Amino acid sequence: MSEELEAREIAAEQAYVDEVYVQLEASMVNAQALAAEGRNRGRLEHEGGLVERDAMVFQAAKRIAQLDAAHEGLVFGRLDLDPAIDALPRYIGRIGVRNAERDVLLIDWRAPAAGVFYQATAATPSGVVRRRVLRSLHRTVIGVEDELLDQEALDRGGADLPIVGEGALMAQLSRARDRSMHSIVATIQAEQDQAIRAPGKGVVSISGGPGTGKTVVALHRAAFLLYSDRRRYEGGGVLVVGPSGVFMRYIERVLPSLGETAVALRSLGEVVGGVRATRHDEPAVADVKGATKMAELLRRTARQHAPGAPTSFRIYWRDETIVLDPGLLGRLRRQLMSQGRRNRQLPRVAKTLLDAMWRQVTGERGRERGREAFDDDMLGHAGFVEFASAWWPPLDASTVFGWLREPEFLSRVGEGVVTREEQLLLLKSWGDGDLTIEDVPLLDELRYAIGDVPQRTDDERDLDETGLLEGGVDLQELTTISEREYAPGGLAWSAPTHRIEDDGYAHVLIDEAQDLTPMQWRMVGRRGRAASWTIVGDPAQSSWPDAPEAATARAEALEGKELHEFHLSTNYRNSAEIYAFAADYARRVGLDADLPDAVRRTGEEPRVVGPVDDLEAAVREAVATTSDRVEGTVGIVVPVARRSEVNAWLASWPELADDASGARAAVDSSVTPSGEDRIVVLTGLDTKGLEFDGIVVVAPQEIEDESATGRATLYVVLTRATQLLTTVG
């Protein structure tokens, strides 16, 4: 292939790409004009003008965001078909674009007409003669990669279709990595495309070994669903849940680059609104908090008497003494609890208490006055109102969770559920008051156990100044528990800022699903009861030790939903040399691993350094060598106990300072730097779903030994590198 031919083909494609961008800019101008018109409608002094303004501005803003996101690599594909089908080429891009005459310039990659771009093969060309991928930098075409799929059709048609490049997929796989995942919209393979375009109902399960593209395929599926049924999925919402904040930052640009911004990205520590946790518990503690039995512990907790609340009440009325003693109040509490969630019973509390008290009125003087007068007197009595408000206060989950910090309380509700040793582990973990990732589903469990506080209308508040009668609760008049001093130790965890009713989504996407604990499955399952699902995972990479328990929780979360299973069999991430090393480890330690085929060879075998006398010096040499030999990112993977130590090493190495400036900030922190550093220090769990050009594994035996699933974690670590892998220790 001559350079002159390639230059001529690039120039021809550039001319077409320029035409598409001209139309894109025209669409942007139209969207901005629509937004301006919408704002002008708001100046009309009537309600209709405001409604029109809001609708027009909202739609225009969505379109502007979509057009902005699509600028980079807008046109990436071209199909040349058998002339008997279509003599004109079809161009494929991130969004659909038409010219002023409404002729199609660019086909959205998700449209049915674009499906053949991904599905055609040499064995089944489906009318495609040549498939071309355009490689671009911003708006400039810098290369083309062709595949000839139907030589006979080419000969038959007599068209001049030169074949340029060495294959789009291999070119993409050789690209240096940065700190973000990128879309694969130009290089989606046929087996990946089948999962992306799977039915929108039920559950789509995408399995496969490391490097098969499970995550990015699932994200492209989310974009496809939004395109295919925007009203449903944009209206109901799409929730994407990943294992960590590091992972979510890594994938956050994929969907916007495909023109989709109406998606909620949440790590497992951020699924509950208003709550954010970034730290994991130690494995032994995490195993207790993640187990299904914690649901029973929290159910019991939600039913307990609020610490500090009154246990009896006495009042004198019309020559009679009325007493609510602990036994009677206990029975009334159980009666209310049997009718539903705790906070939802707030409107019934006053009537329940008044009924019990009226039954004690037996004298003629009291009975002559009647029940209505009795209720009026009690509701006008400051002592009764104060007692009722304090006996059954509105509660938030964070406060109820705080009760568990008290050893006596935990012992009482935990009897027969968690052992004494497990109670000690829980108390130690809650001692510093910080919320961990494993605590978030426990907090969510309590939210659902106690329920939302019912809110009253203005009319209901006007009719009942006490806020205690049937029909709702006046949040202005009943002080919430978070403003009182009921929580032992005064935990400072913030309560969720949204209501339970806001938790439902139209689609839920779970990545690294094999790591979800039973309690995390319960938490995520609540958000997808009426949703369709995409679930991504590889059992061999699981960090949860009890697979059957997790499988049961998963089945309960997905109960009644039809399952569609897809398996990806090709490893596009690792070089064949690196994956052979990782696969050999998996077989040696007895992991039942799904071993995909790696399609790319580099000639670089993994290095094993050790045993060593000076670990820091050996790691320094390995990191320096790796960073010199790769253009992209380098990950230093360490045991949890060594994280601060290795961060301090990295911060003290002057030759690597520019590439790892964030290491200084992370020396005394358990949080991975969130910037754009080329070299980062991570634990094994942090590497889930990520990839780096080079990986240096520090003390692999310690990573294997630090948890019951350490072998699976180390296997994951060994599959993160695309070009170079070194183990030291």
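These legends accompany a set of close-up views of a predicted model.

**View 1. Helix α21 and its surroundings.** Welcome to a well-covered helix: 10 of the 11 residues of α21 (residues 440-450) are buried, so this helix is largely enclosed by the rest of the structure. The buried residues are Val440, Pro441, Leu442, Leu443, Asp444, Glu445, Leu446, Arg447, Tyr448 and Ile450. They pack against four helices, namely α11 (283-290), α12 (293-302), α18 and α23.

View 2. Asp396 sits in the loop that runs between α17 (382-391) and α18 (397-403). Asp396 is buried but makes no salt bridge, and the nearest side chain of opposite charge, that of Arg447, is 9.4 Å away. What does the side chain of Asp396 reach at 2.8 Å? It is the backbone nitrogen of Thr399. The backbone nitrogen of Ser398 is also reached by the Asp396 side chain, at 3.1 Å.

**View 3. Helix α24 and its two faces.** Look along α24 (residues 547-557) and you will find Glu549, Ala550, Ala553 and Ala557 buried. These residues lie on the same side of the helix, because they cover an arc of only 95° around its axis. An α-helix has 3.6 residues a turn, so residues three or four places apart point the same way. Against the buried residues of α24 pack α23 (518-526) and β13 (532-537). On the face turned away from the buried side are the exposed residues Ala547 and Pro548. The N-terminal end of α24 is capped by Asp546, which places a side-chain oxygen 3.2 Å from the backbone nitrogen of Glu549.

View 4. Two bridges join β3 to β4 (residues 104-108) in the antiparallel sense. In this pairing, Arg98 stands opposite Val104 of β4.

**View 5. The salt bridge between Glu260 and Arg110.** The structure holds 42 salt bridges, and this view shows one of them, in which the closest N and O atoms of Glu260 and Arg110 are 2.5 Å apart. Glu260 lies in the loop between α10 (254-257) and β9 (263-267), and Arg110 in the loop between β4 and α3 (115-119), so the pair ties together parts that are 150 residues apart in sequence. Are Glu260 and Arg110 buried or exposed? Both are buried.

**View 6. Further salt bridges.** Arg197 and Asp193 form a salt bridge through their side chains, at 2.8 Å from N to O, and both residues are buried. In another salt bridge, the closest N and O atoms of Asp355 and Lys351 are 3.1 Å apart. Asp355 and Lys351 are four residues apart in helix α14 (residues 346-358), which means that about one helical turn separates them. Lys351 is partly exposed, having a relative accessible area of 45%. A network of salt bridges links Glu9, Glu13, Arg78, Asp80, Arg130, Arg132 and Asp146.

**View 7. Backbone details worth a second look.** Most residues other than glycine have a negative phi, and most peptide bonds are trans. Here is Asp319, not a glycine, with a positive phi near 70°. Asp319 belongs to the loop between β10 (313-317) and β11 (320-324). Asp319 counts as exposed because its relative accessibility is 52%, and the cut-off for exposed is over 50%. Glu512 also has a positive phi, of about 50°, although it is not a glycine. The loop between β12 (507-510) and α23 holds Glu512. Glu512 counts as buried, with a relative accessible area of 9%. Finally, which form does the peptide bond from Gly610 to Pro611 take? This bond is cis, with omega near 0°. Pro611 is found in the loop between β17 (607-609) and α26 (615-629).

Conventions
Residues numbered from 1 in each chain as written. Predicted model: local features only at pLDDT ≥ 70, side-chain atom pairs only at ≥ 80, totals over all residues. Heavy atoms only, no water. Buried < 20%, exposed > 50% of the residue type's maximum accessible area, 1.4 Å probe, protein only. Lys, Arg positive; Asp, Glu negative; His and termini not counted. Salt bridge = Lys/Arg side-chain N within 4 Å of Asp/Glu carboxyl O. Polar contact = N/O pair within 3.5 Å; in protein donor to acceptor, adjacent residues only side chain to side chain. Arc of directions from axis to C-beta. Contact = heavy atoms within 4.5 Å. Pairing = 2+ DSSP bridges.
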